[in-house]
Structures are given as C-alpha cells and as structure tokens.
Amino acid sequence: MSCNLLKAEEFIKNNKHIVNDKYRLTYHVIPEIGWVNDPNGFSYYNGLYHLFYQYHPYGSFWGPMHWGHVTSNDLVHWKYEPVALAPEETYDQGGCFSGTALVEGDKHILMYTGLGIDKQGECNKYNQEQCIAIGDGIVYEKISKNPVICSDQLPSGLVKEDFRDPKIFKVEDVYYCIIGTKTSDQNSAIVLFKSFNLTEWQFISILDQSDEASGGVWECPDFFSMDGKDVVLISPQFKRPEEYKYYNIHSNCYRIGKIDLDLGKFQLEHMDEIDSGFDFYAPQTLLDAQGRRIMIAWMQMWERNMPSHQEKHHWAGAMTFPREIKLVGNQLIQQPVEEIEKYRKNKYQLDIQFCGRLAHDELKGNTIELLIEFENVSAKAYGIKLFVGEEEETVFEYRVDEEVMVFDRRKSGIELKGNKNELSSNGIRSVKLAAEDKKINMRFLIDRTSVEGFFNHGIRTMTGTIYASKESNGVELFSDGTVNVSLTKFDIITT
Ligand code: FRU
C-alpha cells in the first residue's frame, strides 16, 4: 500500500470515533469521516456493487482528492473498504479527480483525472490528465504509463485546464472514453478518445457541445445505451435556467440520441433535467447482473453551506439512494431500487377523502418511506408537508392549474444558502408535472437530513437535503378542496 493510502487509513481508523452522528443518514452512503463529493467508478464487479467517491478524509471540506471505496451486495448496506486511490505521483499529487470503472475479466479498471502540481507545489490547474489504475476489488495499482491522456492531446480551440472526469467504456475490441471540457469560446463540451490497449489514446472528436456559452464544463459525463438509444448524462456548470429547469448553480441533465463512434458525433434527439430539486450532481450509472441500469449521484450542490461542516461534526456529503432507471420514449424514469422494500417495517395505511389539513399521530418519522396517491376532486392546490415541527416544515405542493410540483424548503430548518451567483430564489424549486386521470402519485424516501421525491412513478424527481430539528418529524397532508388520498407509510430500518 502506498504511503498516502496508509496515512489515510491510519487517520480514518484513529479518528472516526470523533464524528458527530446528529445529522448522519442511515441508509445512504456517507463518509466514515471527512468530506465526499462525486460518485466515482460505480460498477458491478465480482458479484458486488462497488462505489468509489471523491474523498478528503482529513476534513469536512473539499481538499486533495482521494478515492474512497464502499461495496455492497444489496445497494442498501455498504461496507467501507480501504481508500482506493490517494494523490501521490507527479501527475496526481494535486488530487485524484473523478472518473469511472470498467470491468474486464477479473480486472477492475479505474480511469480518473490526475491533477498535477506546479514547481511551487501548488495545484496546477493547467495540468488535468487522464490516468488508469487496475485492481482486484480492494487494492488498486496506478499503471506505470500514466498519464495515458495528456491535455496536450486536445486540439486548439479546447481549454486544456478544464479537461476532466473520463467515462471509459468498451465496444467490441475498442476502448473509448468521453471527457468533460470546454471550448475557448466558453461553450461546454465532451470529447471522445479511442484506444486499442488502454495506454495509447487517440483524440477523435468533440462529441457534443452546448449551445450556450455559460463558461462552464460539462462535468462528469456518463454514457450508456438503452432500448436502442444512446444516453449521455452530464453535469453542466453554470447552465442558465429555462422556465422551471436548471435553477441550481450547476445542473444535471440527460441527453438522448444516437452516437456514431466512427464519426465521433452525437445526434441529439431530446434533453432534459434529471432531477429537479436542490441537491443532485455528478450522477453515474452501472449495469448489474440482473440487467438493471442503476444511477447514483452526489446528494449535494456545490457552494452551499453544509451544517455538518459548520457545526464541526467532522463529516460532510452523502449520495442519493440508488435509482433504477428506464426509458419510456425519450423520458428517463427513476425509481429507488427495489431492495429498499426488504427494510420496510411498521406499515401504516390511510385511505381517506378530506379537505383542509390532515395529521395523525402515527404519521410521522424521519427515516421513512411514503407512497401516496392523490385523486383530485375539487382542489386547486394540495400536497404534503414533511419534517413538520412547531416552526418547521418542508412542503411539496401540487398546483393544479399550473401543473407544477413545488418543493419549498424555506421553512425546513437550518437555512441552506447557495452561492450569490445562483440565479434562483434559494428555497424553492418547481417542476412541470401533468396529472394522470386527475391523479398525482408521490413517493418519498426520507433519511434524517434528506428527502427524495419521485412523482408519477418516477417521471420526475426532486431531491434535497433538509436540516430540521430532530423533533420536527411530523407528516401532514393539505388541500384547499376535496381530494381522495391513499397513503402507505413504512419505517425504513436497516440495523
Ligand atoms: C464535479 C467535480 C469534478 C471533479 C471533482 C473534483 O463535482 O468538480 O469535475 O473531477 O468534482 O472533486
């Protein structure tokens, strides 16, 4: 094990007891100690789900990036494995940035961005190059030919200092990777490279690029094919809002179309936001042994205050719950993986017609799942309040005429503020959602400091972190007219 890996392991072992568990989630991936951001190398290898992540063990803030590592056999319980990559070599001393994994026979291949340092020992932002490490599920060795793709291989017109987050994949005998970057006229882009041996890579093309000069990178691209279509997931920095979409400082987006790998072109048919809440970034997917396409994302947004850091709890950042994704036409559908059902306890069922406000003693909790169907009779606005306390509430309101779902966390608890450049109001996100036969279906996964909402069977999702006080665990329904409601609540207990 390398020096810096050993150092990280020692640090974690000796310090993890100091972590304060007040805000810790119970069925989502969080760090043992320290900071996490993007999921990395999400893959199914040797009969286990592997998730790596951007990791800074030494503080609850972003720092020189390591790759943390967890494994699971059911996507709910995760086991901490030794840190897989640490910054160490000249080409990655500044950090091992995001990347992906490829399974080839008994080899687990990781491809990541190495951030070099300059002569003064500072992170050199001009030096983002692509590297490979190969492992067996526990120990990963960086190969001697690193870096395998240098920023000098980018043609003029592309910005070398922003060249990161390779997504590696193989088609027949050829390796490909797509990498995020931007053009010198400030459009975001992804470029395509090709290799026959993993170590020598050839630039093919700008595969796809934005039609707005937002000045940001399309970070963390992911790519997969499904039902005859090709899908690229991207995390566009500084994308400008459009109607109800893209209100966070950095967004998430799926692009469906057709890739021609020989020509190096992507023909776009349709694009949309993946998740319309506050905290969802850098999603990655894997294909598992059952043929399921499963997505996970960082459940956080850059440049927001993070209470577990501010209150010195020695950890920060979490992943979303893994979601199975499907396509219906050009619409991405998301549902929590079915394994969550094994952990449902204490079923509570309510079928009722009501108008006004409805709360029940049994209807509460902050590690719960809720399945609700509203059938509208005469309401203009109805919905649910979560994390309800004397002065706190988190509201999901469906506005019938406007056909929008509104997620309002202005009174949720600790105020979560975005960067001043975030154009939107900080506490509200909305998404277009048509009722089906006057019905709106809602499903929520709530885990202490997070809520993930899935609407109309996963056609739309809204995710956010919530820092309510522990006593604020009420659930209330509301409606300004008559609605029929069928609600099922479960506690989610994983211990
Ligand atoms: C996205 C990102 C990546 C980068 C990583 C660094 O959240 O900025 O582009 O590789 O985080 O931690």
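Modeller: Helix H1 covers residues 3-15, 13 residues in total, and reaches 18 Å from first to last C-alpha, close to the 18 Å expected at 1.5 Å a residue (helices, H or I, have at least four residues and strands, E, at least two, both as DSSP runs numbered from the N terminus; the expected span is 1.5 Å times one less than the number of residues). The model is predicted, with pLDDT of at least 70 needed for local features and 80 or more for side-chain atom pairs, while totals for chains, interfaces and linings use all residues. Numbering starts from 1 along each chain as its sequence is written, and side-chain values use heavy atoms, without hydrogens and water.

Leu-5, Ala-8 and Ile-12 of H1 are buried (under 20% relative accessible area, with exposed over 50%; 1.4 Å probe, protein chains only). These buried residues line one face of H1, because they fall within an arc of 65 degrees seen down the axis (directions from the axis to the C-beta atoms). Cys-3 and Lys-13 are exposed on the other side of H1. The cover over the buried residues of H1 includes strand S2 (48-56) and strand S3 (66-72).

Elsewhere, the structure holds 2 cavities of 30 Å³ or more (sets of points on a 1 Å grid over the protein atoms alone where a 1.4 Å probe fits but cannot get out; lining residues have an atom within 4 Å of a point). The largest has about 80 Å³ of space (filled by probe spheres set on the points, which are joined across faces, edges and corners), and its lining includes Leu-25, Trp-315 and Thr-449. The second largest cavity has about 40 Å³, with Asp-279 and Arg-304 among its lining residues.

Notes. On a 1 Å grid over the protein atoms alone, a cavity is a set of points where a 1.4 Å probe fits but cannot get out, and a pocket is an open set with protein on both sides within 12 Å along at least five of seven lines; lining residues have an atom within 4 Å of a point. Contact means heavy atoms within 4.5 Å.
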